[in-house]
Amino acid sequence: MAVDDDDGRSHDRPNVLVVFTDQQRWDTVGAYDSPLDLTPNLDVAADAGTVYEQAVSSQPVCAPTRACLQTGQYATTHGVWRNGLVPEDTGTTLAEAFAGAGYDTGYVGKWHLGGTGTDPVPEDRRLGYADYWRAADALEHTSHPYEGLVYDGDGTRVEFDGYRVDALTDMAVDFLRHDRENPFFCVLSHLEPHHQNDMETYAAPAGYEWRHRDPWVPPDLRARPGQGDWYGELPDYYGICERIDETYGRLLDVLADEGELEDTIVVFVSDHGSHFRTRNAEYKRSVHDSSVRVPLVVRGPGFEGGNRVERPVSLVDLPPTLLDAAGVEVPASMEGDSTLPLVGDGGRGHSSAPDRDGGVFVQVSESEVGRAIRTDRWTYGVVAPGTDGRETPVSDRYVERYLYDRHADPSQLTNLAGRSEYRAVADRLRERLAERIREVEDADPTIDSAEHYH
């Protein structure tokens with residue numbers, strides 16, 4: 001958005017729109033070589049913008065990752081290390097930083113950080129979204145795929161009919177079409193393609209599941225016949241992703257109609273992936289790529305040119321990246337690093353780079369108290385013995401459980417943890433993981449070597 005100074009000079013202050021999906025695998029997107037053609041609109045944006053080849057969730061479960069996005073902090077810092085918790089004193093949040101720089105802020109959809117369940121989220125738990133609010137804390141319990149409600153800024157019910165993805169998009173469009181003097185920062189937070197909790201199934205728009213009735217099966221799932229629920233759910237899952245892309249295209253059309261498209265940074269990202277209950281009893285909460293790797297595509301000012309960032313980056317890096325791209329000072333409370341130095345050079349440089357050494361730090365809860373380092377080649381994960389990760393976020397002792405060579409085994413089907421021929425690799429990764437734990441958590445736990453873990 002062009003803004004005139006008193007002396008008549010003009011400068012650019014880009015709008016920022018984040019389309020945030022829930023539980024969407026990276027390999028549903030054509031820009032990541034998906035064979036499905038589910039995302040033609042996003043693929044066009046990727047060709048013109050920036051694709052982060054290896055974007056990694058910092059905590060692969062809903063509420064913790066959402067808090068990471070809002071704060072730029074790791075889960076053990078902001079305090080939402082499992083679902084059902086609310087952020088502690090987080091310093092300056094993403095919305096507060098944008099608002100402080102003169103932006104109008106808006107939020108639509110699933111919040112999951114207010115601790116209010118099906119009741120409205122009070123203003124003091126919205127982390128700085130002050131100008132437009134159409135959200136529900138537990139959207140999966142205030143709505144179903146074809147009906148439901150969110151709340152406005154006054155706590156008044158806003159009911160909707162029609163497919164939920166479409167209804168939330170309508171609300172975001174309402175915000176985008178507001179007359180305003182200021183640039184805007186807006187998050188559209190879909191529940192989809194997450195399953196509907198009280199139905200225990202995925203629900204595509206009517207007729208879309210039939211388009212995928214003989215679905216392509218990703219290699220990591222294909223190797224596990226009879227495990228999980230992927231075969232019955234993939235047709236709906238893919239149909240949902242297809243509809244999300246259609247509504248993403250609609251948002252770009254609205255921005256173009258408003259004359260704002262070229263002045264708007266548009267982010268498409270998900271909180272975590274889905275392994276369809278093949279790695280544990282849930283859909284995520286593991287260190288595997290099917291759980292932690294997510295699509296991250298950004299178009300607009302600062303991201304043009306068809307860039308592909310090859311280095312792994314964390315979702316904790318996204319808040320400082322957006323602020324940096326908008327020319328807004330990054331709060332000292334944020335633990336992530338701007339990825340802008342990686343845009344345009346393929347993400348191969350090492351100076352001023354996210355996670356400093358190319359390794360992304362991952363925390364896991366609710367299935368285990370786990371920690372991992374995920375590099376371009378390796379996934380190395382450790383687990384605290386004797387806990388399921390629901391009572392405590394940390395441990396003073398971990399045991400090696402996972403080691404995958406993604407270059408030789410991209411679907412992570414062969415666990416190398418405990419194998420003597422990989423001991424030197426595991427030792428190097430163990431030291432890198434221990435360094436990140438010390439840096440992020442101010443802790444120095446014991447990490448024991450593994451016997452061969454099956």
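Two strands count as paired if DSSP finds at least two bridges between them.

**Ground rules**

I am working on a predicted model, where local features need pLDDT of at least 70, side-chain atom pairs count only at pLDDT 80 or more, and totals for chains, interfaces and linings use all residues. Residues are numbered from 1 along each chain as its sequence is written, and side-chain values use heavy atoms, with hydrogens and water left out.

**Entry: the S15 and S16 hairpin**

I started with strand S15 (residues 360-364) and strand S16 (residues 370-374), which run antiparallel and are joined by five bridges. Within that pairing I found Gln363 opposite Arg371 of S16. The hairpin has five residues between its strands, and Glu366 takes a positive phi near 70° there.

How many residues of S15 are buried? I noted five of its five residues as buried (under 20% relative accessible area; exposed is over 50%, partly exposed in between, with a 1.4 Å probe and protein chains only). In a regular strand, side chains alternate between the two faces of the sheet. For S15, I see both faces covered, with Val360, Val362 and Val364 on one side and Phe361 and Gln363 on the other.

I listed its partners in turn:

- S4 runs parallel to strand S14 (residues 307-314), with six bridges joining them; Thr50 stands opposite Asn307.
- S4 pairs with strand S13 (residues 296-299) in the antiparallel sense over two bridges; Val51 stands opposite Val297.
- S4 also pairs with strand S12 (residues 293-294), antiparallel over two bridges; Ala55 stands opposite Val294.

**Entry: Ser57**

Is Ser57 buried or exposed? Ser57 counts as buried because its relative accessibility is 0%.

A polar atom of the Ser57 side chain lies 2.9 Å from the backbone oxygen of Asp271. I count that as a polar contact, meaning a pair of N or O atoms within 3.5 Å; within protein, one must be able to donate a hydrogen and the other to accept it, and residues adjacent in sequence count only if both atoms are side-chain atoms.

Leaving out residues up to four places away in sequence, I found Ser57 touching (heavy atoms within 4.5 Å) Thr65, Asp271, His272, Val292, Leu315 and Val362.

**Entry: helix H2**

Thr65, one of the contacts of Ser57, is among the buried residues of H2. Ten of the ten residues of H2 are buried, so I put this helix down as largely enclosed by the rest of the structure. What covers the buried residues of H2? I can name, among others, strand S3 (15-21), helix H3 (75-78), H4, strand S5 (104-110), strand S10 (184-189) and helix H10 (318-325). After H2 comes Gly72, with a positive phi near 70°.

H4 (residues 94-100) also holds Gly100, which counts as exposed because its relative accessibility is 71%.

**Entry: H1 against H8**

Two packed helices are described by the angle and the distance between their axes. I looked up helix H1 (residues 40-48) and helix H8 (residues 230-257), whose axes come within 7 Å and cross at roughly 55°. The axes are lines fitted to C-alpha atoms, for helices over the stretch in contact, and angles run from 0 to 180 degrees between N-to-C directions.

H1 and H8 are therefore oblique to each other; under 35 degrees counts as roughly parallel, over 145 as roughly antiparallel, 65 to 115 as roughly perpendicular and the rest as oblique. In this contact, Pro40, Asn41, Leu42 and Ala45 of H1 meet Asp245, Glu246, Tyr248 and Gly249 of H8.

The peptide bond from Glu192 to Pro193 is cis, with omega near 0°, and Pro193 is in the loop between S10 and H7. Asp33 is not a glycine, yet I found a positive phi of about 70°. Leu127 is likewise not a glycine and has a positive phi of about 55°; Leu127 is buried, at a relative accessible area of 14%.

Terms used:
Helix = DSSP H or I, 4+ residues; strand = E, 2+ residues; numbered from the N terminus.
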